Structure formats: C-alpha cells, structure tokens
Amino acid sequence: MEIDKTVKYISKLAKQLKNEDSFKSNVMSKLKSDLEGSINFRLENITNEQNDQATYADLFQVNDAAEVLLNNSVFSTDGSTLEADRDLPIEFAAINIGYVNINYGDDPKAEFDSALSFYPDPKIQEIDSRVLSDVNSMSALRHVMEMEYLVDKMETFKTDSIKLGFVDGNFYPNFALSHINNNSLKQLLVKRLKVVAERVMSLAKDNTYIVSYNSSPKSVHITSKMDTKISSDFRDSEIFTELLEDNQRSAVFNETSDDTDEKSLNPISFVYLKNSYEIAKVEFIKNTINKDAMDKIHSLVLSQVQKGNGYPKILIESHEQAVISQSDRKSISVLTERELNANNLKYTTTQKYQSKQSRNI
Amino acid sequence: MKDNKIIGEIIEVSSRSAIAQSYELYDCPPIGSVVKCGDDAEDIYGVITNIETRSIDPGRRPNPKGPGFAEVNELYKSNPEITHLMKTEFNIVFLGYKNENVTTISIPPTPPRIFSFVSTLPEDEMINIFSDEGLVKFIVNSNMELKDDVIIMIISKYLNSKKTKTEEIGSFTSQLVGALPDQITRITNIIQNLNLQEK
C-alpha cells in the first residue's frame, strides 16, 4: 500500500474538518443568544416531560444529580456474535450474552455470567440459514436477547436499594430493525421487544430501572428539528456540550418515530447527560422514570462513568464478558473441522482461505 | 489455613514443578508451605516457591483505582468486581510423593494431572516429610527460584509447628552442612534468618 498517498488523503480530510470546526465554533459562540432570541421555536415531533410540544425553552432546562447513593446495584448485558462461516459445510451462528451485576454499599459483591445460544434453532422457525448471514437481523436478535437476559436477571434480584440496568447504545435496535427484509423475523423481534418492554415497565414500579447508554451519540433528533440557521448539521451532543455544565443533564424529551414497526413499540424518552468526559444519551421507556428517580439514576450513571474512567464500568465489564475472542473463534473453527472429520465428512477449508493463511511467495 | 483444605487446581505441570490457581483470590498458603497435589493414584508433595496475582485476561492490565481511598479495603469494597477479574497463581516445586504409604523424597515418577487438586497439608504428613533427612539435600540441589529464602521459610514453618526447637535446629544444621559442604557463610545466613516464634 502507498502510505504517502494515504497520509496526504488523511491530511486533506483533517484540514477540511478544521475548517468545519472553525465554522461550528463561530455558530456555537452565539448559540445561547440565538436560542434565546426565538425561545418559543417549536421542535416538531418532540414533546417535553409534561408531554407538551417541546420548544427551545426546554433546551435550557438543566438538572443535577442526586447525592451519591451508598447502596445501589447496577446490571448490564452485552452481546457478541459468531457469524456463520460461508466456507463451512455446516452453517451456524452463535450469540454470546455477557451479564454482570455489581452491588455497592453495605454488602459489596459482584456476579458474572454468560449465556450462549446457537442458530438455527429448531424452536425458532423465523431464524433460517438466510438470516444467519444478515448482519442487521443478527444484530437486532442479539439486542433483543441482551434485553431479555437483563430483565430475567433483574427480576429475580431482590434488594431494597435502587437497581439500575444498562443497555449499550439505543434502547431499541431501531436501525437494525428497519433494515431487516425478512418480515416474519421482524415481526417476531418486535413482538419480543414489546414483551420485554412490558416487563421493564413492571420493574420500574419496584425501584428497578433499565436505561440505555449511548456514548457521544451521533443522534440529530433535536438538531434536525431546529432552525437551520442555528443547527446547521450539528449533532444533538454538540448542542448540549454547549448548554450543559459538567455533571448536568438536560430535560426529558420524548421521541416519536416515523417507522411503522418502531411506532408500535412503547415510546422512548431520553435525556442528554454531560459527564466530565463527554456527552451521553440516556434512553428509557416513556413514563417509567420520574424526576426523583432520574436524579438518582443520574448519580449512579456519573458514579459508573467515574469508575470506568469515562464509560460506565458495568458496560465495560459486560462487554468483556460477552466477547467471543479471536482465540475462541479459532478454537471453534478447529473443533468444527475435527467434528466433521470424526463423522467421516471429509472437510478442509477453501483454497482461498488456505492461501491467505500461508501467504507464500 | 485449615489443613487438608482444597485450595485450588493445577493448571500447568511438568516433571519438576507445577503452577496452580487458587479458587479464591489470595487464598494461597505462604511461600515455603508444603502442599499436597492430590491424585487418585498417589499423593505428590511440593513446596510453594512463588505467588502471583494478576488479571484473568492477559490483555487487560489493572489500572489504579485511586486516589481517594484511605485504606486498601475501602478500595476493594468500592470495586467488588475486582475479585472476579483477578486470579492468584502459585508455583509448586515437587519434593516427594507417597505411594502405598511409603514417602519418597524425589520428583514424582509421573507428575500430577492437570486440574489435580492442591490442598494444605495435615501436620502429621508434614512431620513425616521433614523426618526424611534427604529433604534438605533435595531442596538445596533443586533449581527452584529464591532457593535460600524458600529453605528459610520452609524450615521456619516446620520448626514453628514444634514445641521445642533446639534439637531440631541442630538436626537441620547438620543436614545443611551435609548438603552444602564448604559453604559455612551460606549455612550461617540460613540459620540466622530462620523466623522462629515461641509456642
């Protein structure tokens, strides 16, 4: 590869970005006064905490966290997929869900667990061999499984202190869902999400909450509804970096989705939260978390971010628990080959694969 | 630590030594302790020569959790996941084995199997091993790490289990003289550094 050519290309992009940054800084420097100048500007299709039409005025609302909570329990799940190998005569995929619970306070302890599932699964007809190689289908399935496993675990956990479950990224796998072509699978996943959402709502009545945490999100949910003179291609996170002080969070906003399938799911609310490292978007099912609870959740999120040096510790650990490592993948490949050969199914990898491994001159 | 308690399993083994991992973080007898590597066929004895605690994942090095803690216990309490993410491993150098009730000071003819249990040693078995005059010579001639420190710790541990020590010290000194001829400074150093406690 021509490194010089690559360096020149990257350098050009960096200069372009610098120019954009300078333009953005200029807009940002007068953001507050511009917003104040049209305080009643409506943010279409977004409602505020009171379920009223959101306006620029809501962008100025800031909230602080509750005081540090000594006793609390945090939970998280994350998933990893072993994609189907098209070179193998048997086609299968695996999803590993990692789970971690950490309890702080008077009885400090932790629990680590994981659950491995293989597909195709005769019990789930919708997941056939075509689904296994579709990234969006597998991603949405994995997200649903993460949420189900998290709820399973949190439902059985008994404690009087506040319990907070973290999902990585968005609360619903909207992007992946909207890109699934297999309609029966899509319907199945939406159905399962609805069931899990009902369980999340039920848990919320018992001091047990589930939120999703999105680090430096690229979301333009609010800026896309703003006056183009002010927003000009900004992300929501850039606006809130300006409007929030460290450790503050925004008002609650409610999403309304245009997508038909997502619309049938319980609506999502979100807040932006500025920690001392970055802006994060915290999503939850609408009306499951009131202001008092959110103040406490805010405090727990900040504490987790502190423990994780910028990212919630519980999410870091559940990710580590979920990961199917390169060495695991290699072992699975060797085991598959061994099992096929043991069953007299003479099998070797494709010549293309073998040539990439040997790389002879 | 309670005698005969299974504390871990062997995770790597060769003819002369093994590496074991304890079930609980830090739950490992001190260096110089004699342990038993249980196998169905025979008991194999070894001495702990090194203890290591590190991340369970070689790709994840621990980062400091402070500042801000007054005590290490407070740090552990604030980060309860630590005990799940770290492991304690210890090296065992084989000293001997027991077959059909006969104890032999030597490397075992075949090393214990992977995942063999490692347990602490009851006092009567420890006395039995130490009564063998070949033990000191075997240790001195082995290629274990921290050899003299281990000799000091192993003899101290044994002597501290006895009520009277004077006679025993004499016996060990004689064994050391036999094992380390012309190395009077080294022997003196070992004897002077024994950490003996009154019982």
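**Close-up views of a two-chain predicted model**

**View 1. The crossing of helices H5(A) and H7(A) is left-handed.** A crossing is called left-handed if the near helix is turned anticlockwise from the far one by less than a right angle, and right-handed if clockwise. This is a predicted model, in which local features need pLDDT of at least 70 and side-chain atom pairs count only at pLDDT 80 or more, while totals for chains, interfaces and linings use all residues. Residues are numbered from 1 along each chain as its sequence is written, and chains are lettered from A and ligands numbered from 1 in the order in which they are written. Helices (H or I, at least four residues) and strands (E, at least two) are DSSP runs, numbered from the N terminus.

**View 2. H5 (residues 135–156) and H7 (residues 183–204) of chain A pack with their axes 10 Å apart, at an angle of about 25 degrees.** H5(A) is therefore roughly parallel to H7(A), a term for angles under 35 degrees, whereas those over 145 count as roughly antiparallel, 65 to 115 as roughly perpendicular and the rest as oblique. Axes are lines fitted to C-alpha atoms, for helices over the stretch in contact, and angles run from 0 to 180 degrees between N-to-C directions. Among the residues that make the contact are A:Leu141, A:Val144 and A:Glu148 of H5(A), together with A:Leu189, A:Arg192 and A:Val196 of H7(A); two residues are in contact if their C-beta atoms, placed from the backbone, lie within 7 Å. By class, the contact of H5(A) with H7(A) has twelve nonpolar, one polar and four charged residues, where Ala, Val, Leu, Ile, Met, Phe, Trp, Tyr, Cys and Pro count as nonpolar, Asp, Glu, Lys and Arg as charged, and the others, Gly among them, as polar.

**View 3. In chain B, the axes of helix H6 (residues 166–179) and helix H7 (residues 184–192) come within 10 Å and cross at roughly 150 degrees.** That angle makes H6(B) roughly antiparallel to H7(B), and H6(B) passes H7(B) in a right-handed crossing. On H6(B) the contact is made by B:Thr173, B:Leu176 and B:Val177, and on H7(B) by B:Ile187, B:Ile190 and B:Ile191. Five of the residues in this contact of H6(B) with H7(B) are nonpolar, one is polar and none is charged.

**View 4. Where the chains meet, six residues of chain B are in contact with nine residues of chain A.** The side of chain B that touches chain A has one nonpolar, three polar and two charged residues.
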